[in-house]
Amino acid sequence: MDPDLGACLDRGEHSLLIGDDLGKSRVHEAVERAADAARRDGGVLVLALLGHGQGAEGAPLHFVTSGTRNSEPLTNVNVPSLLGDLCNHPGLAGLIVIVDTCLAGGAIPSTSHLTAGVRAGNVRLSLLFGASAKEPAYDLQLSRHLIRLIRDGVPDAGKFLKVDDHLMKRLREQISGQLPGRYEFDGAARYGEEIWLARNRAVSAVHDLGPISIKVINDAARRHESGLRFQTEEEFVAWTEEHLDTTPAALPYTARRLLEVRDELEVGRKTLNVMDRIFGPSLTEDDLRLAGMLSGLPLDLLSGDNPVDLRLLVEYCTHYGRSATGEYRALAHLAAALTHVTRQFDTPPEDLAAWAHNLRLNPAFNSRLHELNQHPHADRTPRLILVLEDDGGESIVRVDAWLLYGRAVITSRRFPCGSGERGFTTALADAVAWSRPRANIAKRPLTSIDVAEPTLTLLENPPEEQAFRKKTALGVQYTVTTRWSGLLTPPYGTTVDDMLQVGEHLLAHLNDTDGCSGPHWLSPDQLRTVEHVQEHLSNHGLGQQVWAVPSLPESDWVVIAQELLEHTPALIWPRGKGLSDEQRAKRSVARYWRSLPQQVAEAYRQNRKGSLSHDDDLAPLAAVRAAWHDRDWQAFCRRRAHRVLSAPEEVTYKE
């Protein structure tokens, strides 16, 4: 906790007693020392009794200090008597007491003890108890939920948190299985400030909004009424409460937007409190930039010399990153990114889990964190996916690009191909260049690119051979994995779900280490005609073989390849017309089977450099091409099939 919230001073070792056999006298001595210190300071004493309480209906509560349940009352602390004596301690400005025990309602001191003591009723007492005088208490619920409210603040409760109706309402909403309550007595002879437990964090940040929230407030205000301006959240909230007190459905859109902004400010404040408390102490600016990038935030917010702080990221996600259904999805992504970047814990702490639960973001947070942690080769580098779209013929009309980190989609963009021979090459180069600034924020080189192509382009335009910068081939610079795009744009007569199921069957087959030790090589006779291929495939289950072609058929190669890929979306075939040393190539494919696409890419790269010798086991793979399918590609295709993820910069702003 933050001492500044309660204007508290550390009183050293005597401020906190923990144990199951403290003894009655030790507790009394510690309380007396604390009361004397508060008197010297002219301050209010806060006393918390957490543990086991015993008593009976109508009897005073006894706080167990003996270490033994059902022990004699004289061995434990009589709480009403202790509180009555404390209230009458000379010079004490007030007493706030938190009792989180069974039968806690029995802690209330008698009225005569308060009014007829040595101070003749000139006392102030606020008592908060976790259960009635008849009830047990469970799991220290009062203490845990009270701490959370102090940390997050209570909207509309004023500048300070007091033992009042605002606090009790929130506690009763959150505590189950027992009935908390409060008791107050104020007989102070002089009028003054009420005694309070902590500064209200929900109010303390009123004058500390960032530039994004200020802009959102005033943009919404201007659209509602020309000339309307606000300098602080407090001023804005007060205006909405005074002028927009009708049923929201009856208000015009601009007024409803003002109410939405008010709600967003509250969500942003609570989020900032939680994230600053959990992540803030260890964050660097580089951490924040990386977390912002992994959340899909726009580059102009993260790059350059502009200072980046946690408030900036939270405010942007809060105001600009809501989904079409109103879910604060970008905040879930930010929380997951911070968790991933800081790597402070394996399981999210209770405060973060509670925040996600209150905003109904648990599924989004958990899914995003899982995706960020799913790195194919444990290298924590970004991955670029390029999907080439054709016009139904030989021409590529656009390149769709996605940047992934793990399996999480960071952002995406479409690059139309211009006219002419260089249209596709330019779009490809632009897509690769587009990924670089985010890779630089991650301080990792972009090393892997997946290129998905329709069948004709797949066969006739090897992606690794495409020049993208100063005539450098893509496969020389990057590890290029070729994919067939049929799971994204299914062939005629099939659906996305049909192809995804074929992909699942293939993954199960590839995962079978005993049953799958390499591809099924097709003979020239089986490839003689399209009909021969169809006949052969009809005898094998979909996705239960990886087909390999040692030499291309004399005719109808594109149609035959389409048949093979529809049957199983992974295929191996020669880079030329056929394999010069078929048996050696088959042995090399079998040897590198478990890492085949990476090894094919490496063989291509080494061959271009001229560093492969004839005796090298990798050399035959330079003559092989492979369209591959794995769990990462299946996950990407499945995600695209069922939803379109927009980064916050692509979400249409409500105004």
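This is a predicted model: local features need pLDDT of at least 70, side-chain atom pairs count only at pLDDT 80 or more; totals for chains, interfaces and linings use all residues.
Biologist: Why is cysteine 417 called buried?

Modeller: Buried means under 20% relative accessible area, exposed over 50%, partly exposed in between (1.4 Å probe, protein chains only). Cysteine 417 has 16%, so the residue is buried. Cysteine 102, at 18%, also counts as buried.

Biologist: Where is valine 399, and what does valine 399 touch?

Modeller: Valine 399 is in strand 11 (residues 396–405). Helices (H or I, at least four residues) and strands (E, at least two) are DSSP runs, numbered from the N terminus. Contact means heavy atoms within 4.5 Å. Leaving out residues up to four places away in sequence, valine 399 touches several residues, including Cys417, Phe415 and Phe424. Its relative accessible area is 0%, so valine 399 is buried.

Biologist: What makes helix 14 largely enclosed?

Modeller: Of its 14 residues, 13 are buried, so the rest of the structure largely encloses helix 14. Just after helix 14, arginine 343 takes a positive phi of about 50°.

Biologist: Why are helix 8 and helix 13 called roughly parallel?

Modeller: Axes are lines fitted to C-alpha atoms, for helices over the stretch in contact, and angles run from 0 to 180 degrees between N-to-C directions. Under 35 degrees counts as roughly parallel, over 145 as roughly antiparallel, 65 to 115 as roughly perpendicular and the rest as oblique. Helix 8 (residues 211–224) and helix 13 (residues 310–320) pack at about 30°. They are therefore roughly parallel.

Biologist: How do you know that helix 5 and helix 15 are roughly perpendicular?

Modeller: Helix 5 (residues 141–152) and helix 15 (residues 350–358) pack at about 75°, with their axes 12 Å apart. The pair is therefore roughly perpendicular. Arg144, Arg148 and Arg151 of helix 5 meet Glu350, Asp351 and Ala354 of helix 15.

Definitions and conventions
Residues are numbered from 1 along each chain as its sequence is written. Side-chain values use heavy atoms; hydrogens and water are left out.
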